[in-house]
Each structure stands twice: as structure tokens, then as C-alpha cells.
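Thank you for making time this morning. Please take a look at the structure on the screen, and then we will walk through a few of its contacts together.

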Amino acid sequence: MSILDIIALFIFLSGAFIFINTFYLKLPSSIGLMIMALVLSFLVLIIGNVFPELHLAEHVKEYEFEEVLYQVVLSFMLFSGALNIDFRKLSSQRSSVLILAIVGVLISTIVIGTGVYFMLDAMSIHLEYLYCLVFGALISPTDPIAVTKTIARFNLSKELEIKIAGESLFNDGIAVVLALTLLDIAHAGDDHTLSFFETTYIVVADIGGGIFIGLLLGYIGYRLLKYVDNDAVEVEVLITLALVMAGSQLADFIHVSSKQAAVVMGLVVGNEGKSTHVAGAAGDYVFKFWKLLEETFSAMLFVLIGLEMLVLDLRLDVLAAGFFAVCIVLFGRWTSVFVPIKLMSVKKDFAPNTISVLTWGALRGGLPIALSLSLTDFQGKDVIVTMTYIVVVCSVLYQGLTVPILMRTSHPDSSS
């Protein structure tokens, strides 16, 4: 199969998955897509054993998707997520959301990374501590689409709804940038022991440089969108596409975080583009286009991870580690929510059961999958990919199907 055949197949399957889920299963997108991805994996496995020449997963294995996932999919998904963050809607909850996202991701990364490191060590599976932290960071992002669609079905307090939606949108970019920065440090440390100055330089250059590129190109993009008439929707869409792709390439060329740049560009265009004092520089079509693109990529990622798992060199001990990691990730999420909220409770009031809803409602989606598959090769990458897959499956199916029960229990007056 040629690469065009593979892409066409992915798009066809993604479209079929979305159609079946929308009109027949009628489940939240992440849950429906995950169920169909598991069914697809099962069917491909059966067909591949009966007709080896038709083993689709083996054909997919022939191509390296890391570059496409890193350069295109991650940047597009992060830009799209940031594009929908409206600072005005956060209003009085802005500080709570930012603290939950930033401090929460840091706590989650450390707790999950440390827990996984000792768990793998006890199982005699070798994975360097920095790579365990990379896993802790990449598994921390929650799926804003799944979360917002779930909470929309229940009559939650407005403050809690804003916290859930806002935190899930913000933590995507923060977690991805942290994971890639930790990966850079880990790779640099493979060559020689890094000093504190070298580590600090990598962090500051990665994040600071990405923010600068994002602000600069985001402002240029906003000015171009403001200049273009809102009726020229195709020009507006092309401007945003060019912005993300050129910005990511420029950031990578000067060795700063292209993912941080994508997040900042999305924040600038999204907030300035919708600003009332410029009569909306970016038309509604731009936001609808990027929302469609994000959901399409999510569907394609579920197809890809389902096929990738069929060609990994799976070991029983690594599979067992993945299920242990589910508990560690849940504990890490609870800790990352509990600590900031208890500290902020001194001056702020929080709705009852905020911690339990934020913990159990934190579904994992396509972003951790894309990030794990896009990692450059290193000893232990298969362990991270396998654990990511198992955690995402358990999160989407178990948490996703039971979170309505939690919502009804926590808020008896809510209705689905």
C-alpha cells in the first residue's frame, strides 16, 4: 500500500466512525470512537491471521508517522484547542483555572512519573526516571471535547462548569510542552550529564522562545485577519493554516518549542479575533473549521493507535504495567486537583464535590496518543506507548461510561 492509500483509508475509517457514532451509537465522541477502534483492531487481527497478505496493521507499520504526528497533528490540535479558550468567559474563575492547569500538570507529572518509575522498577522493567516523567506529562492532558459534552448534559453550577472546561483546555498545551521539554532534557542527558545551567537553558529557550514566536506570528496573523473581509472565509482559513504550519517550522528551525508557539498563536488569534472592539477579526467559519479539523484528527488517531498496538512487541509484564499505571494516573490526577483546590479554598469557595468531578471527569483523548506515537525512538518507547494506550482505553471506557453516575450522585437535581 502507498502512503496515499493509508491516508485515504484513515480518512474513510474516521468518517465512518464519526457517522456511526453520531447517528447510531450516539455516545460522547471519545467513547464511541474508542469502542469502534477496539472492534477494528479485533477484526484486523482476525483477518490478518486468516489472510496474512491482508494484515492491515503490517502495512501501516511500513511507514513512519512520527514526523507527521509531531509536525502537523500535534500543532494543529494544540492551535485548535487554544483557539477556543475565551479569557472573557473565564472571568472571575481565571486565576483558579490557570492554577489548576499549571500547578496541576506539574504535580500530576511528578506524581505519575515517580509512581510509574518505582512500579516499573519493582517489575524489573527498565525505564529512566526522566522518561517516566515524560510519560507523566504526556498522559496529563484531558480531552476538552469529551469533558464539555458530558458536563453539558447536567445542570452543574456555572462556576464548576467553567473550571472543568477551562482547565481541560489549558492543560493540553502545558502538558505537551512540558513532555517535549523533558524529552529534550532526557535526550541531551543521554550524551552527557547536564549541569543545572544547561537544564535551565533548555527549559527557558524551549518555552520562552516558543512564546516569543507565538506572540509575534499570532499578532501578524490577527492583523491579517482583521484586514481581510469576513466574507472571504477561504482566505481566513488559509491564513490560519499557513500561520500554524509556518510558525511550527520556524520554531523548530531555531530550536524552540513549536508546540508552545502553536498554543500562543491560538490564544492570540482566538481572543483578539473574537474581540468586540475589532468587530471580530476572525469569522465564525474559522472556528468551525478548526473544530472540525480537531475532531477529525482525534478520530484518525484512535484508528492509528488501534492498528499500532497490533504490531508492537507486546509483553505480558508491560501490559500488566499498563493496568497498574491506570491506578497511578488516577491517583496523580486526584493529587493534582486536591492540592491546588485545598490551597485556594482558604480564599475561594468551591462547589461541593469539585475534586471528585474534576478527577473522575478527566477523560484522556487523542492528544496523549498522538504525543506518545510522535516521540523519537529511545529505549523504552514501546513501554510508554503501551501504557498510554491502556490508560486511554480505560479512561475513555470506564470513566467515560460511569461519569454520568458521578454527576447525578454529586448533583441530585441534575438531569441528563
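Predicted model: local features only at pLDDT ≥ 70, side-chain atom pairs only at ≥ 80, totals over all residues.

Are Tyr131 and Phe378 buried or exposed? Both Tyr131 and Phe378 are buried, where buried means under 20% relative accessible area and exposed over 50%, with partly exposed in between, for a 1.4 Å probe and protein chains only.

Residues are numbered from 1 along each chain as its sequence is written, and side-chain values use heavy atoms, with hydrogens and water left out.

The structure holds 13 aromatic pairs, meaning rings of Phe, Tyr and Trp (its six-membered ring) whose centres lie within 6.5 Å, with planes under 30 degrees apart called stacked, over 60 edge-to-face and the rest tilted. Tyr131 and Phe378 form one that is stacked, at 4.2 Å centre to centre and 5° between the planes. Because Tyr131 belongs to helix α7 (residues 129-138) and Phe378 to the loop between α16 (366-374) and α17 (381-410), this pair ties together parts that are 247 residues apart in sequence. Helices here are DSSP runs (H or I, at least four residues), numbered from the N terminus.

Elsewhere, ring pairs link Phe76, Phe79, Phe289, Trp290 and Phe297 into a cluster.

Finally, helix α11 (residues 233-253) packs against helix α13 (residues 284-308) at an angle of about 50°, with the axes 9 Å apart; these axes are lines fitted to C-alpha atoms over the stretch in contact, and angles run from 0 to 180 degrees between N-to-C directions.

Technical notes:
Helix = DSSP H or I, 4+ residues; strand = E, 2+ residues; numbered from the N terminus.
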